[in-house]
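This report covers a set of residues, strands and charged contacts. The sequence and the structure come next.

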Amino acid sequence: MNAAVTQTGNTLNCQVAVIGSGMAGMAAAIFAANRGLSVVQVGKPSEISFSSGCLDLFSTIPGETLRSFDNPFEGIDVLTAEQPCHPYAKVSRDEIVQGFEEFTAFMNAAGIRYHCTPQSNQKIVTPAGTLKSSWCVPSAMYAGTRALAEKKRILIVDIRGLKGFGARQMAQNLKAAHPCMGSITVEFPGREKSGDLMCERLTWDLEAPDVLKRFIKVLRPHVAGYDAIGLPAILGIYRFEELRTKMEKALGTTVFEIPTLAPSVTGLRTKEAYIGHLGNTSVRHFPVSVKDIQTGKNGGFCFEVTEGFQNFEVNAERMILATGRFLGKGLGVNDTGAIREMLFDLPVVQTGHRSQWFDRDFFNKKGHAVNRAGLETDVVFRPLGRDKKPFAEGLYAAGSVLAHQDWKREKSGAGISIVSAYKAVAHLAETL
Amino acid sequence: MLVIGGGATGTGVARDLALRGIDCILIDQKDINSGASGANHGLLHSGARYVFKDGEAAAECHRENQLLKRLAPHCIEDTGGLFVAVEKDDDDYVARFPELCRKFGIPVADLTPEAARQIEPCLAKDLKAAFAVQDAVIDPFMLSLDNAADAMANGATVLRNVRLTGFDTDNGKILAARVEHRRTGKPFTISAGQFVNATGAWANSVATMAGANISMSYSKGSLLITQTRINERVINRLRPASDADILVPGGTVSIIGTTSLEIDNLDDIRPTTAEVDAIIREGADMVPELARARYIRAYAGVRPLVRDLAGTSGSGGRSISRNYTLKTHSEDNIENLVTITGGKLTTFRLMAQKAADIVAKRMGNTKPCLTDKEHLPASAKGEWTEPGKSPRVWMSNPERRDTLICECEMVSEYMVDEIVRSLKDEGAQPTLEEIGRRSRIGKGPCQGTFCSFRLAAYLYRKGELIDDQGMDQVRDFVNGRWKGFRPLVRDRELMRVELQESFLCALFGMEED
């Protein structure tokens, strides 16, 4: 039986409060709702618009040399043997698989289909002309993954005025591995006179059937001799599957998408699909940030949120911090120059004086020390207090705020978020 | 003639020689102004700073200051300057300042502290003395690029990325310079009658190749760029030279510096966290808001200091003369080499003239120097370094379909095309860093997070980059900016680095080979 958030006057009572609306926050809210718990989620879902749309699990161990793994689980086994403090060392393979299954099932129902090969990462083309490894790839990109693997003749298309997406750059960088790759630049219909084009704007344009038809007409003369066409990810925010299918039919080729720089449409799609599907759950979502949280009676938590002109007091029995790192403002710096956790001032694993935070070489293969700062937790992801015991019985942390990981270098961002949220929710559900 | 070194002095020598009708080639191991000429305050001294230690150098600065304001006004923002003392500064030192200025002919005007704070409200409340002087701001990139352009217009050749590896000599005479192209490693030789060594901090390495020796020391100076412009005039601290004494406005920013650290190695010059902290702490005594200001970037340059001159006693970089050194190398028995090093940006023209006088005379050319009479023409090479020019040009052409590559500084594809064309005139394929040096790209608050990559994509589209060249160039560009940002990261800056690493590493995997 699903519990609902109860309201008395301006007071909301729930079992679980999720602080944060990024990947970890979304996952935590989904898992809690699936377990029949009442959930209030707060947080501005802004960072998700930086997402590539893929769900990375794991591919690389940073170090003097990079060790990359086709099979993410093989990589995680080596990683956790060497780094017993890593968040992945707190979870089993079954928990990883179950977490991903549950998360992708929700997103599937919300309209985003992922393709996943259980024992192997997949490669997607990036705008830099590199190949990125990821575990779960949305269908619009997966078409490109297949075209690459099958050595199809691929045409990459860019749009004049759309910055940071160069078809020729991709084709030139990939030509050693994929000699049959062509590139062209086209004008976007109706935007021929504009100097600066933004992905999101073009995406809204393409939702209009007339613009889609004209875009297909622009592309048609160039596709002869190619099996697959790679486009920047602009094929719709809501009806992306439909638009892509229409284009494939009209052009007689495979059509796939390549993620773009932020703000990315792929990230926006994830957010829109998630928010759109929340209506079917027990989650009450407030797209606002929270500053002050009180720990109250019976080990619960209390904070205020604003919706429109209305203030609510939220009482929650359990809380999950999915507040992210510096960009998400889960972490910051205090007056003495130490890294701090922003809501409870929880102890943070430090990485030395700020002169030691970063390496001189931005691209140093070992990664930057500061990226491993964060929250220390117990085995069920409850952050520890200064006495090395859980700071509060009902407080959990998930995602990039955790210490001892470097998701940007490991390519483990979505994985750490989903898996830590999964384990935390599984535990708190047992205690309620 | 061969001029080695493409800083202010080297480009000045090339122009001077070209105007005398002398054929010359200029080479630089990297690019125009890639040494100290591109890493200083951009201050055109009034001379007042030197009245305590070197009256002659002070007077020289004053003369060159007046000359350049007349002959190269487009490179100069004639802001005027202030010398100010705060409560803790030495009264005696302050009292001697105006009389010394007058003694050496440096115009100076007394101001009350109140008047000074009215002109510059950013000044500290405990100001106790203030003087107005004729300091100004000079764009060192535009200056050197325009000098190079005018040299080329008068027949000179400029070669970037050409590194000197040695000389072919015969009995005290240099026959040719052995060089190699830095990118391709391709060796070749350049024969010339006379050789000018204008390599700044590298002067001794070059002299050594010719069998001479110059006793030099190196002083690293670091500076910080603020996100907004704090002051209208140049502000100098009136005290014996120390850290963070000068705040120079420039375009939309202000620059505070410098430090002075003796170093032995010229290979890896970069500002450190400790220097950044010292600059902010000291600078805030004079201009308190420096303690809270946001900074875009730090950078460091090396002052070449020659020990042969007077003033070698004492320790540290500041006690050695800032005046220039001219060596004819007759004592080394080399008949056709001249070294010109040390000195200041303000006196670059005079230094160039002195060196050119000697080699021209040796060649039997008796034409007079023209750089003290002829205007320095503004050129297409230097025009895009000016802050505010790109937005002006872009905004005034609203109908043009001109995409902005750098949104912070509003540098568009059209401007990149212009810069690429002028670089290709010099006979070599442009790199991202070279385009960055000639424009405002990467100089705004994003420091290359987005624009380096956009620029690469655009250059690929235009066929100016092929294969995987662009990836290495983006790495170099990002690391060049990172060098200046890393020591500044303290709190909010962490967000920007996180964002940048998310793109470049999490998405693109650019840390991979």
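## A glycine in a loop of chain A

A:Gly328 has a relative accessible area of 31% and is therefore partly exposed. Buried means under 20% relative accessible area, exposed over 50%, and partly exposed in between, with a 1.4 Å probe and protein chains only. A:Gly328 sits in the loop between strand S17 (310-321) and strand S18 (331-333) of chain A. Helices (H or I, at least four residues) and strands (E, at least two) are DSSP runs, numbered from the N terminus. From A:Gly328 to A:Ala250 the separation is 78 residues in sequence and 42 Å in space, C-alpha to C-alpha.

This is a predicted model, in which local features need pLDDT of at least 70 and side-chain atom pairs count only at pLDDT 80 or more, while totals for chains, interfaces and linings use all residues. Residues are numbered from 1 along each chain as its sequence is written, chains are lettered from A and ligands numbered from 1 in the order in which they are written, and side-chain values use heavy atoms, with hydrogens and water left out.

## Strand S14 of chain B

Strand S14 (residues 216-226) of chain B is largely enclosed by the rest of the structure, because eleven of its eleven residues are buried. Both faces are covered: one side includes B:Met216, B:Lys220 and B:Leu224, and the other includes B:Ser217, B:Leu223 and B:Ile225.

Two strands pair if DSSP finds at least two bridges between them. S14(B) is joined antiparallel to strand S19 (residues 295-306) of chain B by eleven bridges, and B:Met216 stands opposite B:Val306 there. Three bridges link S14(B) to strand S18 (residues 261-263) of chain B, again antiparallel, with B:Lys220 opposite B:Leu261. Strand S17 (residues 253-257) of chain B also pairs with S14(B) in the antiparallel sense, over three bridges; B:Leu223 has B:Gly257 as its bridge partner.

## A three-stranded sheet in chain B

In chain B, three strands form an open antiparallel sheet in the order S3-S8-S4. Strand S3 (43-44) and strand S4 (76-77) of chain B are the edge strands, each pairing on one side only. S3(B) and strand S8 (residues 136-138) of chain B are joined by two bridges, and B:Leu44 faces B:Ala136 in S8(B).

## Salt bridges

A salt bridge is a side-chain nitrogen of Lys or Arg within 4 Å of a carboxyl oxygen of Asp or Glu. By this rule there are 70 salt bridges over all chains.

A:Arg191 and A:Asp205 form one at 2.8 Å, N to O. A:Arg191 lies in the loop between strand S11 (181-186) and helix H6 (199-206) of chain A and A:Asp205 in helix H6, so the pair ties together parts that are 14 residues apart in sequence. A:Arg191 is partly exposed at 22% relative accessibility, whereas A:Asp205 is buried at 10%. Also in chain A, a network of salt bridges links A:Arg113, A:Glu241, A:Arg244 and A:Glu248.

In chain B, B:Glu282 and B:Arg239 have their closest N and O atoms 2.8 Å apart in a salt bridge. B:Glu282 belongs to helix H7 (residues 273-286) of chain B and B:Arg239 to the loop between strand S15 (234-237) and strand S16 (246-250), so the contact ties together parts 43 residues apart in sequence. B:Arg239 is buried, at 13% relative accessibility. A further salt bridge joins B:Asp372 to B:Lys373 at 3.1 Å; B:Asp372 is partly exposed at 22% and B:Lys373 exposed at 52%.
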